[in-house]
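Here are my notes on this model, point by point. Please read them with the structure open.

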Amino acid sequence: MGVVTDIRGRRTAGRLAAKGSGALNGGSGNGTVSLFWRIFSLNAVGLVAAAALLLGPVTVSTPVLPGEALAVVGGLAALLAANALVLRVGLAPLQRLGRAMATADLRRPGARAPVSGPAETAALITTYNTMLDRLEAERAAGAARALSAQERERQRIARELHDEVGQTLTAVLLQLKRVADRAPGELREEVGQAQEATRAGLDEIRRIARRLRPGVLEELGLASALRSLAAEFSAHGLTVGHHIPADLPHLTEESELVLYRVAQEGLTNTARHSSADRADVRLRPVTDGVELLLRDNGKGLCGAPDGSGISGMRERALLIGATLCLEPAPGRGTDIRLRVPVGAGDSR
């Protein structure tokens with residue numbers, strides 16, 4: 001998927017580069033005159049007018065009369081004003097380009113600087129937009145490879161935890177049970193405590209393995225996986241409700257995995273950082289796909305910059321062409337909205 005995306009981005013970049021080359025060589029495509037010819041023409045008009053005055057019947061007295069001084073000053077002011085106007089109009093697109101470059105964010109793709117102004121400026125803006133297309137395509141392909149590798153590593157670690165560590169702790173539990181059956185009375189309490197500690201460690205290992213590799217997602221589907229996730233986080237003072245209908249549109253495996261991971265990361269952030277005691281997970285069909293809403297009643301974002309968790313959610317949303325939005329919830333708290341179009345994540 002990432003390779004095809006890169007090819008498509010390069011084709012778009014090639015088309016835009018061709019447009020930029022045409023703008024640089026023969027105009028911007030909308031009939032605008034280049035900035036060079038604008039300034040040159042204005043200066044030429046001023047110089048020609050000055051030469052005509054020198055060669056014509058107009059003379060300047062010595063000393064200069066007030067009317068003659070006023071005419072010279074007026075002509076100079078008009079020439080300076082015309083120069084200022086031409087430069088202001090010609091350089092305005094560059095100022096807009098500077099603002100667009102300062103606010104560009106590859107995690108929020110699609111924003112482009114409007115192509116306008118003289119031929120050179122239009123060519124520069126087109127080249128910048130082409131560069132953004134290429135960078136976004138390469139970033140999307142790189143993110144796809146990185147996230148795929150991350151999921152494979154999660155599955156490998158989950159298997160090792162379940163097969164190696166889990167089985168080892170299970171064997172330890174069985175051995176402790178045999179020891180407890182033969183241990184004298186004064187040692188049984190300590191052996192029992194060791195059993196409980198081992199059982200708690202085994203439960204924690206299984207919980208971590210489930211979070212690393214959501215088997216319920218593969219076996220029972222997205223709705224059951226989200227309900228299980230809500231139940232898992234309903235502990236330690238946090239109550240997580242869920243509203244997940246059964247009649248959801250068909251989603252690809254990749255889209256379901258992104259929805260599950262975003263919900264998992266969002267609930268993790270809520271449990272760790274929001275100081276909330278209530279959260280809701282809602283999944284509903286919308287016009288062009290499905291929307292996941294995570295809402296809590298915590299302290300909100302408070303203008304904090306995106307951390308690794310939110311950045312990871314944005315990367316996953318970009319991977320399938322989804323839209324992620326973080327905003328204040330009604331009253332207090334935070335809303336995380338992920339809108340996934342139908343068909344997102346298909347092989348392209």
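1. Glu254 counts as partly exposed, because its relative accessibility is 24%, and partly exposed starts where buried, under 20%, ends. The model is a predicted one. Glu254 sits in helix α8, which spans residues 253–273. Look across to Arg316. It lies 62 residues from Glu254 in sequence, yet the C-alpha to C-alpha distance is 9.8 Å.

2. Stay in α8 and move to Gln264. Is Gln264 buried or exposed? Gln264 has a relative accessibility of 6%, so it counts as buried. Which residues does Gln264 touch, leaving out those up to four places away in sequence? They are Arg154, Arg211, Leu229 and Phe233. Two of these names, Leu229 and Phe233, return in the next point, as residues of α7 that meet α8.

3. Now the packing of α7 on α8. Two packed helices are described by the angle between their axes and the distance between the axes. Helix α7 covers residues 222–233. Its axis makes an angle of about 10 degrees with that of α8, and the two axes are 10 Å apart. The two helices are therefore roughly parallel, since angles under 35 degrees count that way. From α7 come Leu222, Ala225, Leu226, Leu229 and Phe233. They meet Glu256, Leu259, Tyr260, Ala263, Gln264, Leu267, Thr268 and Ala271 of α8. By class, this contact holds 10 nonpolar residues, two polar and one charged.

4. Past α8, check the backbone at Ser275. This residue is in the loop that links α8 to β2, a strand of residues 278–286. Most residues other than glycine have a negative phi. Ser275 has a positive phi, near 60 degrees, and is not a glycine. Is Ser275 buried or exposed? Its relative accessible area is 64%, so Ser275 is exposed.

5. Helix α4 runs over residues 119–182 and helix α5 over residues 185–212. The packing angle is about 165 degrees, with the axes 9 Å apart. How are α4 and α5 oriented to each other? They are roughly antiparallel, because the angle is over 145 degrees. Their crossing is left-handed. Sorted by class, the contact of α4 with α5 has 17 nonpolar, five polar and seven charged residues.

6. Helix α4 also packs with α3, which covers residues 66–103. The axes of α3 and α4 come within 10 Å and cross at roughly 15 degrees. So α3 and α4 are roughly parallel to each other. The crossing of α3 with α4 is left-handed. On the α3 side, the contact uses Gly90, Pro93, Leu94, Leu97, Ala100 and Met101. On the α4 side, it uses Thr121, Leu124, Ile125 and Tyr128. Eight of the residues in the contact of α3 with α4 are nonpolar, two are polar and none is charged.

7. Ala49 is partly exposed, because its relative accessible area is 41% and the exposed class needs over 50%. Ala49 and Gly75 are 26 residues apart in sequence. Between their C-alpha atoms the distance is 9.6 Å.

8. Towards the other end of the chain, inspect Arg332. Where is it placed? Arg332 is in the loop between β4 (323–328) and β5 (334–341). Beyond residues up to four places away in sequence, Arg332 touches Asp296, Asn297, Gly298 and Lys299. Gly300 is 32 residues from Arg332 in sequence, and their C-alpha atoms are 6.6 Å apart.

9. Last, the whole chain. How many helices and strands does the protein chain have? It has nine helices and five strands. Their order from the N terminus is α-α-α-α-α-α-α-β-α-β-β-α-β-β. The chain has 348 residues, and 35% of them are buried. Take contacts between residues at least 6 apart in sequence: 72% of them join residues at least 24 apart.

Notes:
Residues numbered from 1 in each chain as written. Predicted model: local features only at pLDDT ≥ 70, side-chain atom pairs only at ≥ 80, totals over all residues. Heavy atoms only, no water. Helix = DSSP H or I, 4+ residues; strand = E, 2+ residues; numbered from the N terminus. Buried < 20%, exposed > 50% of the residue type's maximum accessible area, 1.4 Å probe, protein only. Contact = heavy atoms within 4.5 Å. Axes fitted to C-alpha atoms, helices over the stretch in contact; angles between N-to-C directions. Parallel < 35°, antiparallel > 145°, perpendicular 65-115°, else oblique. Left-handed = near helix turned anticlockwise from the far one by under 90°. Nonpolar A, V, L, I, M, F, W, Y, C, P; charged D, E, K, R; others polar.
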